[in-house]
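Thanks for coming, everyone. Let me put the structure up, and then I'll walk through it.

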Amino acid sequence: MDDQLLEKRLESLKKSYDDMPEDENRSVILAAIKKDQKKQTKQKWFHLPYAASFIGVGMIAGVLMMQYIGDHAPSEEKTEQHQAAPGENNSGELKKSEVKAVFEDLEKYYQKRELQTKEKLGFLSGFDNYLYRNIPWELKDAEAAFLSNLEAYRQTDLEDTRKRFTSEIDNAFTMPAEIIDELLQEKSDEVSLGGPEEILLNQLESFLGAYYLSMTFYEADINKAIEKENIAGVIKKMNAGGAGLSSKSLKEMSSKAVDNGYAFREESGSIVPYVDFSGLADRLRGAVNEDFIKYLELRTHRVQDHNGEVISFESLADLLVKVEKTMSTVSDEVIEERMRNDAKTLYALFVVSPHIYMESDELKDEVKQAYVYMLKTYPETDTAAAVNRMYKKMEANQFLKPADGDELDYPLYLELPDQLKRADVINKEVLPLPDSLLSSYKEFAAKKNFNILKNYGPFEIMQLYFHAAEAGDYETKYALYSKQSDPPPKEQYIKEMKEAAPEMNLSKTLKGYEFASLYHPADDPEKVIGIQLHYNDRPDGPVFQMVQEDGFWKVQYLPFQ
């Protein structure tokens, strides 16, 4: 390569690298998450810098120079074993020459795999020096450790080190295309820890940095192609595997990139690579767990631009709700935990990250509008309920950035106790009654006809009971009781309630209330016998006992006993 051209490209590369946003935004987000997280959840998947498809910038800064992932991506392929040389010392004592021979062998093996990988990526000659370059550094460090204290090591130590590095090199250079082929051939519905799905995601993130870096090397070929047609036309051909491109090298790189699960798009007048999660979902559909496909489809949504700025807070609101709704349909625990981690980071980006404030520390108007949009568009979701609580805190602080940072108030679905099923959770306020339920209450109070309430479930009937108690409407409250629960005569009951009032005001029961859930008996998990109230200051709240009678939900007399 011409020296001046190389110098020019390296200078361009350095500028691109320097212009990339630092990883501190992610650090701020994660710090806020850790500060307010109520319980520590075990991370079941190795988590690379968060969700490159969603955020896309911090990850590139981290993997651009291809930091290897080693132990985090165990390969299922057979690793090439290096046999002991004839005459090698097996007595257990190490010789300097033996150590040097092993590490020289490992260095050659690394170079061999690096060259093979460069070819599989479709890169130009000379690019291979950028792939996982801290593997050679670790080899040198390990060799120096052996040579500095030979008597402390045995032959078994050296052989274990050889095997470990061989495995790490194989893991690092496992191509996404190879894992995709494996998934298509196996057609397994299981998602295992450290399995091919996890390795695929790790390797996709890893080699994205290499493809991003390669754009500097193909700059001349790309510019020539753009001169012949517009940039959109070039991108279309690159995403078609290079078909129609005149440059053989650019065509080769594009073809291998598409095979490995990548695609290209325009950003600020330049062509950049990205992980084509949508294309991967289409390729793997029917061959892998459907929950994994759902996860890939979620990852297609892009939240931040190449400068790290949120593209659209309103679109982020849509995505947060989509994640919530998708999680409710997922049964695989590994995928669910992955989605939960992503959802927490996205939510933090939406409500506590530095991106939501102006330089004056005031909340951005577009962010405020996105909150209002979410509350109006998705009022029944857990995410909207949490955003509403955060919004009220911000409003009380005049929408200024808190001096000591925001406290995260997560959506309920992200913090449900393990023993609760999501389908049983009711994330609604008990009081006041919504307009439609209040209208039904007034009609029932006038007619005492349960047909008016036939379309309501146990939670709504409990709401009516609480409303009647708070309003002192003891006649309507009495009418909601099940006759089978043996309430006292109505006149006696009303007299007792009037005499007991304010001490028996049931609205006091709602102090600290957060959400409710359907309550099932231990011997019949499908049967509903009440509504359990959950509070912010204690784990197990009281159960409001109910029963179905004549096809209608009714209240058991003395429901909290």
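A word on elements before I use any: helices (H or I, at least four residues) and strands (E, at least two) are DSSP runs, numbered from the N terminus. Tyrosine 211, for instance, lies in helix 8. I'll come back to that residue.

Ground rules now. This is a predicted model, where local features need pLDDT of at least 70 and side-chain atom pairs count only at pLDDT 80 or more, while totals for chains, interfaces and linings use all residues. Residues are numbered from 1 along each chain as its sequence is written, and side-chain values use heavy atoms, with hydrogens and water left out.

Overview. The secondary structure of the protein chain comes to 21 helices and seven strands. The chain has 561 residues, and buried ones make up 50% of them. Buried means under 20% relative accessible area, exposed means over 50%, and partly exposed is in between, with a 1.4 Å probe and protein chains only. Next, contacts, meaning heavy atoms within 4.5 Å. Take those with a sequence separation of 6 or more: residues 24 or more positions apart account for 69% of them.

Back to tyrosine 211. Buried or exposed? Tyrosine 211 counts as buried, at 0% relative accessibility. Setting aside residues up to four places away in sequence, tyrosine 211 touches Leu121, Phe123, Met253, Lys256, Ala257, Asn260, Tyr262 and Pro273. Tyrosine 274 is 63 residues away from tyrosine 211 along the chain, yet their C-alpha atoms are separated by 8.5 Å.

Helix 11 covers residues 248–259. Its twelve residues reach 17 Å from first C-alpha to last, close to the 16 Å expected at 1.5 Å a residue. That expected span is 1.5 Å times one less than the number of residues. Just after helix 11, glycine 261 takes a positive phi of about 95 degrees.

Helix 12, residues 277–284, next. Its buried residues are Phe277, Gly279, Leu280, Ala281 and Leu284. They pack against helix 7 (176–186), helix 8, strand 2 (270–275) and helix 13 (290–298). Just after helix 12 there is a glycine with positive phi: glycine 286, at about 95 degrees.

Now a helix pair. The axes of helix 4 and helix 6 come within 10 Å and cross at roughly 5 degrees. That makes the two helices roughly parallel. Axes are lines fitted to C-alpha atoms, for helices over the stretch in contact, and angles run from 0 to 180 degrees between N-to-C directions. Under 35 degrees counts as roughly parallel, over 145 as roughly antiparallel, 65 to 115 as roughly perpendicular, and the rest as oblique. On the helix 4 side, the residues that meet helix 6 include Val102, Asp105 and Tyr109. On the helix 6 side, they include Leu158, Arg162 and Phe165.

That brings up charge. Side chains of opposite charge can pair when their charged atoms come close. My criterion for a salt bridge is a side-chain nitrogen of Lys or Arg within 4 Å of a carboxyl oxygen of Asp or Glu. How many salt bridges are there in the whole structure? The search finds 21.

One of them joins aspartate 105 to arginine 162, with the closest N and O atoms 3.4 Å apart. Aspartate 105 lies in helix 4 (residues 96–121) and arginine 162 in helix 6 (residues 155–172), so the pair ties together parts 57 residues apart in sequence. Arginine 162 is buried, at 4% relative accessible area, whereas aspartate 105 is partly exposed, at 26%.

Arginine 162 also forms a salt bridge with glutamate 159, at 3.1 Å between the closest N and O atoms. Those two are three residues apart in helix 6, so about one helical turn separates them. Glutamate 159 counts as partly exposed, at 25%.

Last pair: glutamate 549 and lysine 554, whose side chains meet in a salt bridge at 3.2 Å, N to O. Glutamate 549 is buried at 4%, and lysine 554 is buried at 7%. As for networks, salt bridges that share partners join Asp105, Glu159 and Arg162 into one.
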